[in-house]
Each structure stands twice: as structure tokens, then as C-alpha cells.
Amino acid sequence: MVDGTLQEREVFELIKKYNVLFKSQVYAYFGQERAVGRAFKRLEKDNRIGSSPVTQMVYLNENSYAARDEGTLQAFWVLISLMKKRTITEHFLADQEEYPVRIIFISEDDLFDILYVGLNDVKLVNSVFQRKYRGTGNHIVAVPDLEVIEKLDLPAIGYCLVKGDGEIEYYTKS
């Protein structure tokens with residue numbers, strides 16, 4: 001984020017872009033805890049966002065909260081981790097048609113994507129990649145368990161395990 005005072009508009013735009021995020025993700029993204037907290041309060045007071053005290057999530061509306069996607073939430077942790085390592089000029093929520101891609105981002109004039117592959121998605125993802133993607137390898141694959149990496153057959157520049165607290169461990173396939 002650019003230096004300066006965090007405006008509630010920026011917090012709202014991030015939540016609007018991804019529909020549902022953990023509060024801790026928004027704090028980590030902006031790195032300005034007090035300002036984000038104030039923005040949450042103002043946005044909730046104005047009924048522009050909702051929040052769940054149980055899940056600690058913020059969301060654009062009840063429908064987006066009900067339709068939240070675990071893969072997108074995990075991919076957003078990866079995006080935050082990558083932002084600490086490289087300059088990311090833009091990032092987007094992928095369309096459903098781009099499954100299993102969850103987030104697309106631009107860094108150093110290259111296009112990358114972050115996929116999430118769950119334990120039960122390996123066969124489907126391998127099949128989708130054989131048909132849909134033509135060997136492009138700017139994929140970063142987030143997984144819930146290391147055993148998924150060995151079962152995947154797709155070109156990727158790296159794999160990562162997302163832990164519950166947003167900690168990311170990176171791996172390559174040998």
C-alpha cells in the first residue's frame with residue numbers, strides 16, 4: 001500500500017473485490033491495525049459491510065458470506081505473503097470459469113495466478129489443466145496438505161501450504 005492515511009474507501013474496495021475476507025487478512029494486507037479497525041467500525045455502522053464475530057470475517061453482504069470460498073481465502077493468504085517478497089502492481093479475484101485459479105496478479109509485467117487445490121480436487125484439477133491450460137507455468141498452487149503436491153500434474157513455479165494462522169510454507173516439486 002502507498003504511504004499515507006488509510007481511508008475506509010480502500011478497506012471497502014478490498015472487501016468489495018474479494019467479497020469475504022478474514023479480518024486478520026485485511027489487517028495484514030494494510031498493516032495499519034488501528035486505521036483498519038476504525039474503517040471496519042465506520043463501514044459496519046453505515047451498513048456497507050457485515051461481519052461475523054464467530055468466524056472473524058468481514059463481507060460485502062449476506063449472500064457473499066454464505067457463498068464464501070475456502071480456496072479463495074487461502075489464496076489471499078498467499079497473495080499477502082507474496083506482497084512481502086515482491087512488488088505486485090494489481091490483483092484480481094478470478095472468475096468461476098477460471099477454476100481452480102482463485103486470484104490473478106501482476107508482478108514485474110508478468111501475469112501470475114494463485115490456485116487452490118483441495119484434497120478431493122486433485123483428479124478434477126489435473127483433468128482441467130490437461131484440457132484448458134497450454135503449458136504456461138506462472139501458477140502458484142496452494143494446498144491444504146503436502147500429499148496433494150505429489151498427486152498434481154500441472155506446470156507450477158511453486159507450491160505452498162497455508163497454515164491456519166496465515167503462515168505460508170513454500171515448496172517446489174522435485
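Reader: What is the handedness of the crossing of H1 and H2?

Author: The crossing of H1 and H2 is right-handed. Keep in mind that this is a predicted model.

Reader: At what angle do H1 and H2 pack, and how far apart are their axes?

Author: The angle is about 125 degrees, and the axes lie 11 Å apart. H1 covers residues 8–18, and H2 covers residues 23–30.

Reader: Why are H1 and H2 called oblique to each other?

Author: Because angles over 145 degrees count as roughly antiparallel and 65 to 115 as roughly perpendicular, with oblique for the rest, the angle of about 125 degrees makes H1 and H2 oblique to each other.

Reader: Which residues meet there?

Author: From H1 there are Glu10, Val11 and Leu14, and from H2 there are Val26, Tyr29 and Phe30. By type, the residues of this contact of H1 with H2 are five nonpolar, one charged and no polar.

Reader: OK, and H2 with H5, at what angle do their axes cross?

Author: The axes of H2 and H5 cross at roughly 20 degrees and come within 10 Å. H5 is the helix at residues 70–83. Since angles under 35 degrees count as roughly parallel, H2 is roughly parallel to H5.

Reader: Left-handed or right-handed, when H2 passes H5?

Author: H2 passes H5 in a left-handed crossing. On the H2 side the contact is made by Ser24, Gln25, Ala28 and Tyr29, and on the H5 side by Leu73, Phe76, Trp77, Ile80 and Met83.

Reader: How do the residues of that contact of H2 with H5 divide?

Author: Seven are nonpolar, two are polar and none is charged. Tyr29 of H2 takes part here, and Tyr29 is also listed in the contact with H1.

Reader: Changing topic: how many helices and strands does the chain have?

Author: Seven helices and nine strands.

Reader: What radius of gyration does the chain have?

Author: The chain has 16 Å, which agrees with the value near 16 Å that a compact globule of 174 residues would have. Along its principal axes, the C-alpha trace spans about 50 × 35 × 25 Å.

Reader: What share of the residues count as buried?

Author: Of the 174 residues, 47% count as buried. As for contacts between residues at least 6 apart in sequence, 53% join residues at least 24 apart.

Reader: Last one. Where is glutamine 7?

Author: Glutamine 7 sits in the segment before H1. With 41% relative accessibility, glutamine 7 counts as partly exposed.

Reader: How far is the C-alpha atom of glutamine 7 from that of phenylalanine 112?

Author: The two C-alpha atoms are separated by 28 Å, and the residues are 105 apart along the chain.

Definitions and conventions: Residues numbered from 1 in each chain as written. Predicted model: local features only at pLDDT ≥ 70, side-chain atom pairs only at ≥ 80, totals over all residues. Heavy atoms only, no water. Axes fitted to C-alpha atoms, helices over the stretch in contact; angles between N-to-C directions. Helix = DSSP H or I, 4+ residues; strand = E, 2+ residues; numbered from the N terminus. Left-handed = near helix turned anticlockwise from the far one by under 90°. Contact = heavy atoms within 4.5 Å. Nonpolar A, V, L, I, M, F, W, Y, C, P; charged D, E, K, R; others polar. Rg over C-alpha atoms; globule rule 2.2 N^0.38 Å. Buried < 20%, exposed > 50% of the residue type's maximum accessible area, 1.4 Å probe, protein only.
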